[in-house]
Amino acid sequence: MDAYALQSSWDRVSAYGDQVALYFYSHIFVSHPEVRAMFPLSMSNQRDKFVSALGRIVSHADQLENDANFLQHLGRDHRKYAVVAEHYNAVGASLCATLKHFLGPEWDEDLAAHWTAAYQVVARIMVEAAETSEETSPDWWDADVVSVERRTMDLTLLKVQPRHVFRFRPGQSVSMEIPQRPRQWRYFSPANAPRADGSIDLHVQQIDGGQVSPAVVRSLKPGDTVKLGAPIGERLTRRDGDERELLMVAGGTGLAPLLAVLEQVDNEWTRTGNGPLVHLLHGVRLPWHLYDRPRLKALAQDRAWFDYTEVVSDDASYPGTRGKVGTVAARQALYGRTAMVCGGPQMVAHTLEQLAGAGMQPENIKYEHFYYAAAGEHTVAPALSGQETTRDAQQPPPRLAALSDTPLDPGGEVPAQDAGSRRRHGLRIPRSAG
């Protein structure tokens with residue numbers, strides 16, 4: 001296949017904007033009406049996600065075989081929509097019809113052959129991944145809602161109990177469908193490490209204009225049954241026993257997966273007496289968005305290996321650290337540490353830029369590539385039928401980041417570089433030999 005021909009032709013097609021996805025879905029629903037029931041009633045968000053996913057695939061057309069993780073995830077994840085191999089033929093036919101419509105005379109035999117070859121690779125990788133996963137896992141897991149706590153005006157903490165064993169790693173994300181919004185799946189990150197009883201904590205922030213998060217915050221109740229998709233993501237996970245120091249940078253509910261990793265670390269210290277030092281910075285716009293403050297402050301007091309810093313961007317009266325959390329993070333000691341970054345797309349991009357500018361090497365900065373693009377790129381929302389990103393409505397156009405663009409207030413207290421701050425004050429931190 002000719003990657004340049006694919007990319008350049010897609011650039012010309014994507015210039016038509018919303019018309020592209022509108023034509024595609026109109027074509028597939030008319031030619032294959034049986035697939036309409038697989039999609040949500042409202043297609044406004046779905047159209048954007050189709051274009052984003054297709055653009056991502058095309059832009060990597062010359063490395064599809066080597067960059068298979070993305071497609072394998074799509075294949076496994078589409079099982080929850082009851083997608084089978086035959087459906088890929090319908091998608092491929094409508095894709096080619098869409099390209100032909102917008103490219104006109106440019107759609108010749110050679111270009112059609114390149115697109116066909118690329119699509120065959122995509123479909124094969126996705127179908128093989130779905131077939132393999134069928135041998136070890138269900139299409140989805142039913143889970144009972146155990147508790148619903150509205151922690152702030154726009155934030156709800158859920159506890160759900162899967163009915164069957166559900167394995168995940170701290171730092172991963174899971175998609176969830178609620179009964180109030182059928183066929184509209186959204187990604188959320190467990191805020192806890194795996195427990196003996198299997199229960200999972202989820203932090204859900206209500207997004208203005210969102211189709212799912214308002215229903216979760218306002219309507220979901222104990223006793224409801226939700227569906228969970230297979231866990232995904234590896235970049236925010238860590239190996240058990242890894243003692244490299246961690247700098248965690250969270251924006252808003254991006255705190256959730258980092259809490260899961262923090263709990264994993266706490267369990268290691270409790271079990272073995274060894275583990276990494278951890279400094280968590282939680283950035284929010286306003287002080288009342290520090291929704292887990294009591295727990296984290298108590299943990300910092302009780303654990304010699306843990307430091308916690310709150311960063312507020314939009315309240316000039318806040319007496320603590322003010323500014324953008326990425327800017328504050330870049331002022332910490334970075335050498336010998338791994339940074340974990342999670343939050344809204346703008347917050348993540350800004351933090352990556354700040355950490356890199358402060359000299360941190362890219363291989364030591366962990367953020368979920370599956371969801372976020374680097375600064376200056378578009379956010380990726382990899383979906384063909386109903387998926388969304390980790391937190392509701394983080395696909396283009398992105399929601400406002402957890403922090404605003406308010407510059408760092410020099411009047412706010414900015415922590416000094418904190419390399420081993422606890423150790424500098426005479427605390428002995430047990431470490432394993434070597």
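Two strands are taken to pair if DSSP finds at least two bridges between them, helices (H or I, at least four residues) and strands (E, at least two) being DSSP runs numbered from the N terminus. The model is predicted, so that local features need pLDDT of at least 70 and side-chain atom pairs count only at pLDDT 80 or more, whereas totals for chains, interfaces and linings use all residues. Residues are numbered from 1 along each chain as its sequence is written, and side-chain values use heavy atoms, with hydrogens and water left out.

Strand S8 (residues 278-284) is joined to strand S9 (residues 306-312) by seven bridges, and the two run parallel; within this pairing, Val311 in S9 is the bridge partner of Gly283. S8 also pairs in the parallel sense with strand S7 (residues 245-251), over six bridges, and here Leu246 stands opposite Val278. Seven of the seven residues of S8 are buried, so the strand is largely enclosed by the rest of the structure (buried means under 20% relative accessible area, with a 1.4 Å probe and protein chains only). Val278, Leu280, His282 and Val284 cover one face, and His279, Leu281 and Gly283 the other.

Elsewhere, helix H1 (residues 3-14) packs against helix H6 (residues 109-134) at an angle of about 100°, with the axes 10 Å apart, the axes being lines fitted to C-alpha atoms over the stretch in contact and angles running from 0 to 180 degrees between N-to-C directions. H1 is therefore roughly perpendicular to H6 (65 to 115 degrees). Ala5, Leu6, Ser9 and Trp10 in H1 meet Leu111, His114, Trp115 and Ala118 in H6, contact meaning heavy atoms within 4.5 Å.

How values were computed: Angles under 35 degrees count as roughly parallel, over 145 as roughly antiparallel, 65 to 115 as roughly perpendicular and the rest as oblique. Buried means under 20% relative accessible area, exposed over 50%, partly exposed in between (1.4 Å probe, protein chains only).
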